[in-house]
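Work through the exercises below with the sequence and coordinates open. Each task is followed by a stepwise solution.

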Amino acid sequence: MDLVLFGIQGSGKGTQAKRFAAEHGYRIFEAGGELRAMAATGTLLGETVKSYIDEGKLVPFAIIMDVVGAAIKACPFDQPLLFDGIPRDRAQMESFDRIMEEASRGFFCIELLVDEEAAIQRILKRAEAEGRKDDADEAIIRRRMATFHEKTSPVIETYRKAGKVVKVEGEGTVEEVFERFVRAVNQWKKKLS
Ligand code: AMP
């Protein structure tokens, strides 16, 4: 069973995703990371992607869906996937659902809940460590948060109504959150078995 992870920027989602994937045998698909790698290629497509990232806007549908579609198709059936950062709006959700259905892959979602102001402070700190332009400007961070509320929250709501979302409290140490995360996944798996 695959896993889709939701959470606002700075929720610690990336950290939890990487650790969970490494310890539980999941292959990770990190949308932001894939797009940043594309942006770094210096090609025309890369430059286009970079301009969206730098402004804190969603990269066009066709670009991100091509990348995720290829990753899903290339993944062996018995290899579970962990999606971080996708789907982020309704169009992506509809396309994602279709691709997953065609690949006969089931999934459920974890929503990491954190305080927004604390998340903004975490991102500004991360900007210093990672040198990310889109993390260093508070106005751009707030735009990304607004996009999350406007476009991603309705996606989570749709999945919630379909009974596919488990909430995990994201405040606390990385260790504490990870324990809750693993517990939530195990409870979900138990429910299915
Ligand atoms: P993140 O690392 O998740 O904060 O993503 C960084 C940036 O990558 C976002 O601000 C978007 O510009 C782009 N991005 C990440 N995921 C997506 C997605 N699913 N659809 C479109 N753009 C995305």
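This is a predicted model: local features need pLDDT of at least 70, side-chain atom pairs count only at pLDDT 80 or more; totals for chains, interfaces and linings use all residues.

Residues are numbered from 1 along each chain as its sequence is written, and side-chain values use heavy atoms, with hydrogens and water left out.

**Exercise 1.** Determine the secondary structure pattern and the overall dimensions of the protein chain.

Solution. 
- Step 1: the protein chain has nine helices and five strands (DSSP runs, H or I of at least four residues for helices and E of at least two for strands, numbered from the N terminus).
- Step 2: along the sequence, these elements are ordered β-α-β-α-α-α-β-α-β-α-α-α-β-α.
- Step 3: the radius of gyration of the protein chain is 16 Å, which agrees with the value near 16 Å for a compact globule of 193 residues (taken over C-alpha atoms; the rule is 2.2 Å times the number of residues to the power 0.38).
- Step 4: along the principal axes, the C-alpha atoms fill a box of roughly 45 × 35 × 30 Å.

**Exercise 2.** Describe the surroundings of the ligand.

Solution. 
- Step 1: the ligand is surrounded by 18 residues, with R36, K57, G85, R88 and Q92 the closest (a residue counts if one of its heavy atoms lies within 4 Å).
- Step 2: by class, the shell holds eight nonpolar, four polar and six charged residues (Ala, Val, Leu, Ile, Met, Phe, Trp, Tyr, Cys and Pro are nonpolar; Asp, Glu, Lys and Arg are charged; the others, Gly among them, are polar).
- Step 3: α2 (31–39) and α3 (44–55) each give at least two shell residues, and α2 supplies the largest share, four residues.
- Step 4: list polar contacts (pairs of N or O atoms within 3.5 Å). Ligand oxygen atoms lie 2.9 Å from a polar side-chain atom of R36 and 2.6 Å from a polar backbone atom of K57. A ligand nitrogen atom is 2.8 Å from a polar side-chain atom of Q92.
- Step 5: of the 480 Å² of accessible area that the ligand has on its own, the protein covers 95% (Shrake-Rupley method, 1.4 Å probe).

Notes
A polar contact is a pair of N or O atoms within 3.5 Å; within protein, one must be able to donate a hydrogen and the other to accept it, and residues adjacent in sequence count only if both atoms are side-chain atoms.
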